[in-house]
Each structure stands twice: as C-alpha cells, then as structure tokens.
Amino acid sequence: FLLAAKKAGLKIAPRSENQVLKFLSKWAMSTNSVVSAYAVHSLALAGHPEKDRMFHLYDERMTLSLLSRARLACAFVEIGDRERARKLLANAASPSEVKEAAFLLLALLELDSADKRIPLLVKYLHDRRDRCRNHWGTTSENSHALMAIAEYYRYNPPKKGERFVAWRKLELPKASEAH
C-alpha cells in the first residue's frame with residue numbers, strides 16, 4: 001500500500017522507503033514461500049526486483065499456494081516476463097479466500113484483461129462481502145478486495161448506473177470526550 005500511495009502521487013519519506021525496501025529484501029530470502037512471494041512482488045512493484053529469488057520461487061511453483069503464485073506472477077509481469085507469469089496461473093485452482101481471489105484477479109487483469117476467469121473472480125469477491133455490514137471481514141480482506149475490484153473497473157469501465165461507492169467513516173471519541 002505504501003507503493004500504491006507513492007504511485008498515486010503521495011510523498012513518501014525517502015528514509016522510510018529505504019527502510020521498507022531493506023526489510024523486504026531480507027524477507028525475499030525467507031524460506032517461507034508466502035513471505036518470500038509477498039516480498040518479491042512488493043520489490044518488483046518498487047522497481048527493485050529480486051530476480052534470483054523470483055526464479056527460485058518459479059522453479060518451486062508446484063509447491064506454492066495460489067496466493068504466492070498470483071503474487072509471483074504479478075512480479076514477473078512487472079519485469080516484463082509475461083510467459084512465466086502465464087505459466088504460474090495456467091492451471092490456477094479456485095480461490096478459497098478473499099486475498100487469493102483479489103491477487104489472482106490483479107494478476108489476470110495484468111496478463112489478459114479478457115481472461116474468462118476474471119468475471120468469476122469478481123463474482124467470488126462480490127459474494128463473499130457481508131451485505132449487512134458492507135465489508136469482507138478484516139481490514140486486509142477489505143483493502144485487497146477493494147483494490148482488486150477498483151482495478152477491474154479500470155480495465156472494464158461500467159456503463160452508466162452500474163456501480164456506486166459508499167463511504168462511512170467511523171471514529172473513536174477523543175479521550176477528553178470518553179466517559
């Protein structure tokens with residue numbers, strides 16, 4: 001999200017960004033493939049791909065979770081290696097959680113915005129939203145689902161009247177007002 005904020009034009013303190021990049025470089029070398037895939041994806045988005053680690057994860061693709069394969073596919077798209085990205089997602093299973101669906105949707109949109117799996121992923125995300133409370137559950141699920149759906153609409157602009165955005169801001173009372 002720090003990278004998305006920077007891409008959107010928000011100023012990020014260079015020292016903070018450098019610290020995050022150093023941290024992610026260490027995480028990229030993790031023996032935990034979920035952590036490593038997260039890190040290589042983020043580093044690729046920042047323009048600092050850890051290619052050796054990406055290729056190592058690619059070689060282990062059959063053991064990677066759907067979430068890790070989707071993140072790794074996004075990293076390969078970032079460095080221009082669309083063929084490896086396609087292979088990572090060629091036989092992707094159906095998602096079993098919101099974050100998997102969100103990252104698979106993001107990866108497929110970058111590879112081929114006409115992929116037949118895309119509408120199914122959008123429906124999956126839509127169906128997993130708690131209609132009473134208007135969210136997916138956790139802050140992480142909310143942010144990833146919204147990010148993926150927003151990207152879907154960037155590729156597939158809705159016809160007039162097809163979508164809306166609702167915003168409700170909740171705040172905790174100030175300490176001086178609390179009883």
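Because the model is predicted, local features need a pLDDT of at least 70 and side-chain atom pairs count only at pLDDT 80 or more, while totals for chains, interfaces and linings use all residues. Residues are numbered from 1 along each chain as its sequence is written, and side-chain values use heavy atoms, with hydrogens and water left out.

The protein chain averages a pLDDT of 90, pLDDT being the predictor's confidence in each residue, from 0 to 100. A score of at least 70 is reached by 94% of the residues. The secondary structure comes to nine helices and zero strands (DSSP runs numbered from the N terminus, H or I of at least four residues for helices and E of at least two for strands).

Taken along the principal axes, the C-alpha atoms fill a box of roughly 55 × 40 × 30 Å. The accessible surface comes to about 11,800 Å², of which 54% belongs to carbon and sulfur atoms; such areas come from the Shrake-Rupley method with a 1.4 Å probe, and for residues only the protein chains shown count as cover. Of the 179 residues, 35% are buried (buried means under 20% relative accessible area, exposed over 50%, and partly exposed in between, with a 1.4 Å probe and protein chains only). Of the contacts (heavy atoms within 4.5 Å) with a separation of 6 or more, 53% are between residues 24 or more positions apart.

Helix 2 (residues 14-28) holds W27, which is partly exposed at a relative accessible area of 33%. Together, F23, W27 and Y38 make a nonpolar surface patch of about 290 Å². Patches are made of residues with over 30% relative accessible area and no salt bridge, like charges being joined within 9 Å and nonpolar side chains (Val, Leu, Ile, Met, Phe, Trp, Tyr) within 5 Å. Helix 2 also contains E17, which is buried at 14% and is in contact with K6 and I12, leaving aside neighbours within four places in sequence.

R71 is buried, with a relative accessible area of 6%. Beyond its neighbours within four places in sequence, R71 is in contact with A37, Y38, H41, K99, F103 and H144.

A search of the whole structure finds four salt bridges, each a side-chain nitrogen of Lys or Arg within 4 Å of a carboxyl oxygen of Asp or Glu. In one of them, D81 pairs with R84, the closest N and O atoms being 2.6 Å apart; D81 counts as buried at 15% and R84 as partly exposed at 29%. Another links D115 with R117 at 3.0 Å, where D115 is buried at 15% and R117 partly exposed at 24%. K123 and D127 also meet in a salt bridge, 2.7 Å from N to O. Both lie in helix 8 (residues 117-128), four residues apart, about one turn of the helix.

E100, in helix 7 (residues 98-111), is buried yet has no salt bridge. The nearest side chain of opposite charge, R69, is 8.2 Å away, with Lys and Arg counted as positive, Asp and Glu as negative, and His and the chain ends not counted. Not counting residues up to four places away in sequence, E100 touches L66, L67 and P95.
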